Amino acid sequence: MSKVALVTGAGRGIGRAIALRLARDGFNVCVNDINGEAANAVAEEIEQLGQSSLAVIADVSNREAVFSMVDKVVKKFNRLDVMVSNAGIAQVKLLTEVTPEDLDRIFKVNVYGVIYCLQAAAKQMEKQGKGKIINAASIAGHQGFKLLGHYSATKFAVIGITQSAAQELAPKGITVNAYCPGIVDTDMWELIDEKMGPYLGLEKGESMKKFSELITLGRIQKPEDVANFVSFLASTDSDYMTGQSINIDGGVLFS
């Protein structure tokens with residue numbers, strides 16, 4: 001019987017790459033996104049790979065919607081083996097300019113969403129006696145970056161949540177780990193590049209180029225680079241690993 005994975009924010013970018021990689025690994029993969037068209041398109045790609053899929057439209061910042069999403073997955077597949085809490089947003093702003101509305105929006109998606117997905121997944125996985133929860137953190141969760149201060153705060157929070165949840169859920173047979181991407185060629189980083197330009201006095205594309213000079217391996221990260229590592233976290237090879245938040249960034253940070 002194929003194992004079942006649920007990937008949030010999987011309509012594009014890193015989430016899509018993770019969903020497709022897990023399908024190639026033999027998982028039936030449920031695709032979550034707030035964009036139904038994008039979620040359905042990825043679900044179709046998964047089915048073309050020979051695995052079953054389910055597209056579920058839900059906003060991870062809504063706890064009721066997250067629990068309903070997991071219920072739909074279990075109703076279709078009778079189980080949930082891997083929860084990948086990938087959905088996240090970023091915003092470029094000086095901390096002195098951040099508004100209450102900015103904080104509400106980014107924390108509700110990046111932090112509340114991770115907790116809600118953890119709660120809903122753990123409820124099901126406890127019944128099964130095992131499971132893997134994988135959270136999206138960032139190198140910005142290991143080191144604060146200017147103009148990304150409140151985003152960094154959410155990712156520091158994800159790392160703390162990952163460590164605490166690993167301790168709480170270990171007796172139930174559930175592991176909790178996180179992946180920490182760096183500078184990835186995605187729509188999110190294109191937005192970061194665009195919004196950082198005016199602050200740094202740089203033209204479009206120059207911010208990305210400036211940051212990419214920090215990468216030891218000398219190239220901008222692809223979503224598939226992240227997906228390859230998540231494949232390990234979702235596999236039995238990582239069974240003795242929990243509470244870890246690992247940089248997968250081509251050598252930007254060293255820890």
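The following conversation walks through a predicted model and asks what lies behind the words used for it.

User: Hello! What should I know before I start?

Analyst: Welcome! This is a predicted model, where local features need pLDDT of at least 70, side-chain atom pairs count only at pLDDT 80 or more, and totals for chains, interfaces and linings use all residues. Residues are numbered from 1 along each chain as its sequence is written, and side-chain values use heavy atoms, with hydrogens and water left out.

User: How many helices and strands does the protein have, and what makes a stretch count as one?

Analyst: There are eight helices and seven strands. Helices are DSSP runs of H or I with at least four residues, strands are runs of E with at least two, and both are numbered from the N terminus.

User: What share of the contacts joins residues 24 or more positions apart?

Analyst: Such residues account for 71% of the contacts with a separation of 6 or more. Contact here means heavy atoms within 4.5 Å.

User: Why is Tyr151 called buried?

Analyst: Buried means under 20% relative accessible area, exposed means over 50%, and partly exposed is in between (1.4 Å probe, protein chains only). Tyr151 has 9% relative accessibility, so it counts as buried. Across the protein, buried residues make up 54% of the 255 residues.

User: Where is Tyr151 found, and what does it touch?

Analyst: Tyr151 is found in helix α5, residues 149-169. Not counting residues up to four places away in sequence, Tyr151 touches Ile89, Ala90, Ile106, Asn110, Ser138, Ala140 and Met188.

User: What does UniProt list for Tyr151?

Analyst: The unreviewed UniProt entry lists Tyr151 for "active site". UniProt positions are given in the numbering used here, feature names are shortened, and annotations may be inferred rather than shown by experiment.

User: What makes the phi of Asn78 and the phi of Leu147 worth a look?

Analyst: Most residues other than glycine have a negative phi. Asn78 has a positive phi of about 70 degrees although it is not a glycine, and Leu147, not a glycine either, has a positive phi of about 75 degrees. Asn78 sits in the loop between α3 (63-77) and β4 (82-85), while Leu147 is in the loop between β5 (131-136) and α5.

User: How do you know whether Asn78 is buried or exposed, and what about Leu147?

Analyst: Asn78 has a relative accessible area of 63%, so it is exposed. Leu147 comes to 8% relative accessibility, so it counts as buried.

User: Why is Gly13 called partly exposed?

Analyst: Gly13 has a relative accessible area of 28%, so it falls in the middle class, partly exposed. Gly13 lies in helix α1, residues 13-24. Leaving out residues up to four places away in sequence, Gly13 touches Thr186 and Pro223.

User: Why is Thr186 called buried, and where is its place?

Analyst: The relative accessible area of Thr186 is 11%, so Thr186 is buried. Its place is in the loop between β6 (174-181) and α6 (187-200). Neighbours within four places in sequence aside, Thr186 is in contact with Gly13, Ile14 and Pro223.

User: What makes Met125 buried?

Analyst: Met125 has a relative accessible area of 0%, so it is buried. Met125 lies in helix α4, residues 100-128. Beyond neighbours within four places in sequence, its contacts include Leu80, Asp81, Val82 and Met83.

User: How do you know whether Glu47 is exposed or partly exposed?

Analyst: Glu47 has a relative accessible area of 46%, so it is partly exposed. Glu47 is found in helix α2 and, not counting residues up to four places away in sequence, touches Ser52 and Ser53.

User: Which class does Gly36 belong to, and why?

Analyst: With a relative accessible area of 14%, Gly36 is buried. Gly36 also lies in helix α2, residues 36-48. Gly36 and Val56 are 20 residues apart in sequence and 7.5 Å apart in space, C-alpha to C-alpha.
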